[in-house]
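Me: I'm new to reading protein models. Could we go through this one together, a question at a time?

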Amino acid sequence: MNAPALRMHHGAAAVTQCARRGWAWLRHLSGDDAYERYRAHQLKRHPGCRLMERRAFFEEEQRRKWSGVSRCC
Amino acid sequence: MLKKIVGLMLAVIGGFAVAGIALHRHEPINALWIVTAAVCVYLLGYRVYAAWIATRVLRVDPTRATPAERLNNGRDFMPTHRAIVFGHHFAAIAGPGPLVGPTLAAQFGYLPGTLWILVGAVFGGCVQDMTILLLSTRRDGRSLGQMARDELGPLGGVAALIGTLLIMVILSAVLGLVIVNVMKHSPWATATVLATIPAAIIVGVYLRVWRPGRVLEGTVLGVVLVLLALLGGGWLDHQPQLRGLFDYSALTLSGIIIAYGFFAAILPVWLLLAPRDYLSTFLKLGTIVLLAVAIVITHPQIKMPAITPFVDGTGPLFGGKVFPFVFITIACGAISGFHALIASGTSPKLISNETDVRLVGYGSMALESFVAIMALIAATLLDPGVFFAINTGAGVVGATPEAAVHTISGWGFPVTVEQMQALAASMGEQTLFARTGGAPSLAVGMASIFGSTFGQGLLALWYHFAIMFEAVFLLATLDAGTRVGRFMVQDVLGRAWEPLGRTSWYPSVLLSSAVIVTAWGYFLYIGVIDPNGGVNILWPLFGISNQMLAAIALSIATAIIIKGARPRYALVTLLPLAWLALVTTTAAWQKITSPDVRIGLFAAANDLAAKLAAGTLPPERAAVAPQLIFNQRLDAWLALLFTTILWLVILDMARICVRRLRGQSVPASSEVPYRESQLKLLAQAAP
């Protein structure tokens, strides 16, 4: 590859990288990746234990979240 | 070195801006002055005061393992990057309070509100939030009520429970009242707000049945639906045969809101409450960013004087002098006890390092305070005459537009019927007179900011966008408050008879929901039939209850710091506590004993009773007078109850302080013992 093309290639890679990180942050902030995090945690810390399914996990998370004060005036 | 230079520059610019605001008189001031002053004050507070409190008073320890690390379960306890915790915490604390309070307090002029928001936040609210967040983090994320029981004793625990339950009732009622005033005789607003309910249900079903847990997809779907509802409402408003279907009186709307609140409390969370919250959070954060950008781009002139004659207590929105009532009216945005419930709830379970409490606790509150500043700007850039015409009830200025403009112009704030009609027409409404509660005038202010930034032709759309944004998160808070209230009622009832405490037993769910909805529904109904608008009575009561909760939180913090190694640092929480005790007690005292019928609740009740007995009331007022009389007396007793609870907790705290200083025994600290953190600082917490 010649020099300008290489630079473009690097630039595109940086943009993709940035977008990917931004997406990961957004998913984390909104709770979109909560199940993946839970799954990773269970597999790492409690490998033998039963893993909740996505639907059951999501339901229980919502119930837990809305059982306490989670929104303010 | 660079940090010091930046700090010095902040101090100089901030000092100029604050002095500029305070000394600027008799000519309009630009909103950018206020924005600059606010940003500099927050940054200075964050960099200097918060840093000092964190290291010296709270002695945050970066090597200490937090509950998120020790109790990590991959779900509610989980070490999380501080930027994410900041986002969660801010989304949880930012509610409609900082929008409504500053708008009402604008009747005193822009200066008292601005100064209190800045000083109150930097020395009070931010400190409270950060301190409670750290104390709860050191106690495995224990709740405020539990900490009160552990650190003060059983009295503190009961006080916190009663205080929280009552504040839920008053808050839900006042939010319901604000929504009713937004929607009354406005088919566009009513249709749009009602359409957000099926929109939320569709998102709920999507997230449960079709794509479980895909929160982002669901949110995008919901936001599209809600924006369609906004456009649909505008279309419907121009269909003569359809618009009548959504044209309701305030009384009918209050019935709808009460029924809605009941169903929201008994339906499963996934169907309505949780999806509505995704929409509300998204709209809330988006609109706040949009508003900040628009204010900087348009940098409007503030038209309200710095100080109005109403500081003497004759104000039309609510009676009472600037001291103590500006400090009661603006609770959220300066200091809000409710935040202590959040700071001792979800957030401490996510903190990965103790040093993060400065950003999460102090920083979030500073941002919330900035939202209050923006609301104040949006209210004060209106012509003062227009502001008062929108926000004053018919009972104060007269029922006809002619009477209203005559009264308001007589105060020295000229406004004409034609001006109000033209404004209402440009906002797509029939009338804007007597739309009390703060939300409509805020929407007019926001629409004019957005209109001059993004296109003047869309004013009506922007107005209803602002209305929908306010309504969506007023309703979200109402739902959540009712639900928490239901759980608390079940908790209390369960002590009398065990099955009533089971949160999934349907008869108990119905009973406890009915209890809590009846409680706030009563205050909402009274507020609607009150010819003075109702907000003038309910909002101060809400302020008093919220400040009482803040005083409980600060008492807990003070007691814990006193019990520690350096008791003198307790001044950091003791001084804001003393100030709150002073303003809350003075306000409650005036509400109870003042002979002025616009302030004193007993005086107003007796005055109305005398008029009723003498037969001098017009028939429509005589019909509701007995209920208003009863309610005013009830509110006076409530104010007395709040003040009593406040002083009981303060005395309980003082007892502990005296015992500690004399070297006598005090309840042992409930802090979890030190364990060293194994987390490489933050490295594992980033997504």
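Reply: Happy to! Let's start with a term: pLDDT is the predictor's confidence in each residue, from 0 to 100. This is a predicted model, in which local features need pLDDT of at least 70 and side-chain atom pairs count only at pLDDT 80 or more, while totals for chains, interfaces and linings use all residues. Residues are numbered from 1 along each chain as its sequence is written, and chains are lettered from A and ligands numbered from 1 in the order in which they are written.

Me: What is the mean pLDDT of chain B?

Reply: In chain B, 99% of the residues reach 70 or more. For the model as a whole, the scores are ipTM 0.87 and pTM 0.94. The mean pLDDT of chain B is 92.

Me: How many helices and strands does chain B have?

Reply: Helices (H or I, at least four residues) and strands (E, at least two) are DSSP runs, numbered from the N terminus. By that count, chain B comes to 27 helices and two strands.

Me: And how many helices are there in chain A?

Reply: Chain A has zero strands. Read from the N terminus, its elements run α-α-α. The number of helices in chain A is three.

Me: What radius of gyration does chain B have?

Reply: The radius of gyration is taken over C-alpha atoms, and the globule rule is 2.2 Å times the number of residues to the power 0.38. The C-alpha trace of chain B spans about 70 × 60 × 55 Å along its principal axes. For 687 residues, a compact globule would come near 26 Å, and this agrees with the value for chain B, 25 Å.

Me: What is the radius of gyration of chain A?

Reply: Along its principal axes, the C-alpha trace of chain A spans about 60 × 45 × 20 Å. The domain assignment (bounds come from an automatic or database domain assignment) gives chain A domain 1 (1-30) and domain 2 (33-65), with C-alpha centres 30 Å apart. A compact globule of 73 residues would be near 11 Å, but chain A has 20 Å.

Me: What percentage of the residues of chain B count as buried?

Reply: A residue is buried if 20 or more other C-beta atoms lie within 10 Å of its own, exposed if 12 or fewer, and partly exposed in between, with C-beta atoms placed from the backbone. In chain A, 22% of the 73 residues count as buried. In chain B, with its 687 residues, the value is 56%.

Me: Which element of chain B gives the most to the side that touches chain A?

Reply: Two residues are in contact if their C-beta atoms, placed from the backbone, lie within 7 Å. The contact takes 38 residues from chain B and 31 residues from chain A. On chain B, the elements giving two or more residues are helix H4 (82-93), helix H10 (215-237), helix H13 (273-298), helix H15 (338-343) and helix H22 (459-496). With six residues, the element that gives the most is H22(B).

Me: Is Ala565(B) buried or exposed?

Reply: Ala565(B) sits in the loop between H24 and helix H25 (571-593) of chain B. Its C-alpha atom is 9.8 Å from that of Val57(B), although the two are 508 residues apart along the chain. Because Ala565(B) has 7 other C-beta atoms within 10 Å, it is exposed.
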